[in-house]
Amino acid sequence: FGSSSLLPLKGDLRCVAMGALSRCCYSCCVLPAGVLVVVGAVIAGLYLQELDKFRSNSPGTRWVNWIGEFDCGAGVSIERPTSLSQVQDAVRRHASIRAAATGHSFNPFACPAKEKGAVIDVRAFDSVQVVRHGDGHAVTAGAGIKMGQLQNEILARGLTLRVPPGNSAYTLGGCIATGCHNLGQSHAQDLLAVSFVMHNGTVREVKKGDADFDAAAVSLGRMGIILSVTLEVLAYRSLSWSAEQLPMANTTVVIDTLAEMKKRFTSRETVGNKLVFYLATGVMMMEHWTPQGRAAELQESPEPLPPYVNPQGFRLGQGGISSTFTQIRDFTFGLIPIHVLNALQVPAETAFMGLHSSPALAKVRKAMGWQHTPEGRGEGTSRPGGNQYTWAGWVDETMNLLMGLRHVEVVFPLEPREQAAKCLDAVFAHRHLTWWRLNIRTQLSESFLMSSTYNPPGSEPVTFLRTDFVAPGALMDLPSGEASLTARLHRDCPGWRKHWGKSLFATSSEEKWGDEEAFREVTSRWDPKGKFEPRANPSWLKPR
């Protein structure tokens, strides 16, 4: 045959080869994608299985905090009562029991002292009743209501808490038990009454002015299961917010700046400003929270505000998917050198600072429900919009889960200033732990026996500095983490305190504050057999 007769055959071979290559490429793309889909489906199924296990309280469920990092162990049962009689029955049946709800704590105090005890989930107790109180108003609400929803309920009536909640997902009972605060004041300062289910199942209320009130105001859950709380509420006022960048200063200048800030806190109607530090990028800012004056008359909303609904989609900790993820996360943080992690903080801080502080992004913050400003909490205008769980809240919780963030708070007196500077130096020396940002607020002392800002009644008021930040748990567990921070504070900052709902108790539970003798006396009467004692209870608060 001639060469020309072979040309079609060559063309056919090229087509065959190209078709085979095309099929190969198709297989190369589709097969891995199919595998990824299957793996993703399996992971999603295991994820939902863990989430459903906690929500349905199926056999073997462990009580966990909001991101499943802390649990009470397999031997602790979970009670989910929906009526007072069911709470009373659970208290009578168990020898060791604690109350909990949304799990926004970073220590084991929500767990009962005994391994075979129980946790009472009080989230079903979310009723709200607004009543007259003297010339003003008060609200009585169930211990399980989220602070964001409580604020929404009273905002719709033209009322507000004196200071907005620091976190909308916290519950009222948890806030009163641990001493929640925001913008220079604690919610306990507006407490009028709190009712408990006692060790024998009876209900008892403590009112402001009663002998045991200073113990009940920050009770640590030691006097019983908190059933309801009554707070003074006030006519609504909006808050304006702005941020001012200041030159990054040494700790002596920072302390002097805070001393000037506290002079502006002239009454309980004044809202405290705060200093914010982005330590990786070397930026210091002052946030100004300015009240706009209370309404002369109550301006009730014609309809209820949209509810605050937080589904807690990351409350895992029930199986292999959680433990595997935790091991991978901790291994990754342990593998990456500290200087590399510090470098990664720079873009993280820059993005957070721009979104949080830029005036040009005010509308963006409002649209996305940025919960760290009045716009995001619905309190930046003359007519309140209320608190809602937005996608920004979801992103915030996602970062907490992915990084295993633990919330840290270090509390110490402003005076003497030389001592306060040493305390702040101890915190700043651990800047590798302070991810995203670090806040410092001032707060006057309180007479509540276990308050983190306790000062004996009748003495001169003391201004405390409340320094808080979030840190990856894997970094906190390293020798250069929590153990190093608390050792430095023990050495250089005598008398420092912690927040009862946050971390640092693993390495510093024996740091004392408050009037522990008076508190033990009250709890020994209210709980003679130690039924409500928490796990890892500091020795100085144990029954004697």
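**Figure 1. The hairpin of β9 and β10 places Gly 201 at a positive phi.** In this predicted model, five residues lie between the strands of the hairpin of β9 and β10, and Gly 201 adopts a positive phi near 95°. Strand β10 (residues 203–207) runs antiparallel to β9, and five bridges join the two. Val 203 in β10 stands opposite Val 197.

Figure 2. Six bridges connect β9 to strand β11 (residues 225–235) in the antiparallel sense. Within β11, Ile 226 is the bridge partner of Phe 196. Strand β9 spans residues 191–197, and seven of its seven residues are buried. In a regular strand, side chains alternate between the two faces of the sheet.

**Figure 3. Helix α13 buries residues on one side.** The buried residues of helix α13 (residues 482–492) include Glu 482, Leu 485, Thr 486, Leu 489 and Asp 492. These residues lie on the same side of α13 because they cover an arc of only 145° around the axis. His 490 and Arg 491, on the other side of α13, are exposed. The elements covering the buried residues of α13 include β15 (405–413), α11 (417–428), β17 (463–472), α12 (473–476) and α14 (505–508).

**Figure 4. Leu 172 and Trp 500 in the largest nonpolar core.** This core has 58 residues, of which Leu 172 and Trp 500 touch the most other members. Strand β11 gives the most to this core, with six residues. Not counting residues up to four places away in sequence, Leu 172 touches Ala 141, Gly 142, Ala 143, Ile 145, Met 147, Leu 150, Val 229 and Leu 231. Another core, of 54 residues, lies apart from it, and Val 254, Met 285, Val 427 and Cys 493 are among its members. In soluble globular proteins, nonpolar side chains tend to be buried together.

**Figure 5. Trp 66 and Phe 106 form an edge-to-face pair.** The structure holds 14 aromatic pairs. In the pair of Trp 66 and Phe 106, the rings are 6.3 Å apart centre to centre, with 85° between the planes, an edge-to-face arrangement. The pair links distant parts of the chain, 40 residues apart: Trp 66 belongs to the loop between α1 (7–56) and β1 (77–79), and Phe 106 to the loop between β2 (97–100) and β3 (118–121). Trp 66 is buried, at a relative accessible area of 6%, and Phe 106 is buried as well, at 4%.

**Figure 6. Phe 314 and Trp 394 form a tilted pair.** Their ring centres are 6.2 Å apart and their planes make an angle of 40°. Phe 314 is in the loop between β14 (283–291) and α7 (320–335), whereas Trp 394 is in helix α10 (residues 391–403), so the pair ties together parts that are 80 residues apart in sequence. Phe 314 counts as buried, at 8% relative accessibility, whereas Trp 394 is partly exposed, with a relative accessible area of 45%.

**Figure 7. An aromatic cluster, and charged side chains over rings.** One aromatic cluster is formed by Phe 109, Trp 500, Phe 505, Trp 513 and Trp 540. Lys 498 places its charged end over the ring of Phe 505, at 4.9 Å from the centre. Elsewhere, Arg 315 lies over the face of Trp 63, 4.6 Å from the ring centre.

Conventions
Residues are numbered from 1 along each chain as its sequence is written. This is a predicted model: local features need pLDDT of at least 70, side-chain atom pairs count only at pLDDT 80 or more; totals for chains, interfaces and linings use all residues. Side-chain values use heavy atoms; hydrogens and water are left out. Rings of Phe, Tyr and Trp (its six-membered ring) pair if their centres lie within 6.5 Å; planes under 30 degrees apart count as stacked, over 60 as edge-to-face and the rest as tilted. Helices (H or I, at least four residues) and strands (E, at least two) are DSSP runs, numbered from the N terminus. Buried means under 20% relative accessible area, exposed over 50%, partly exposed in between (1.4 Å probe, protein chains only). A charge sits over a ring if NZ of Lys or CZ of Arg is within 6 Å of the ring centre and within 35 degrees of the ring normal. Two strands pair if DSSP finds at least two bridges between them. The arc is that of the directions from the helix axis to the C-beta atoms. Contact means heavy atoms within 4.5 Å. A nonpolar core is a set of buried Ala, Val, Leu, Ile, Met, Phe, Trp, Tyr and Cys residues joined through side-chain atoms within 4.5 Å.
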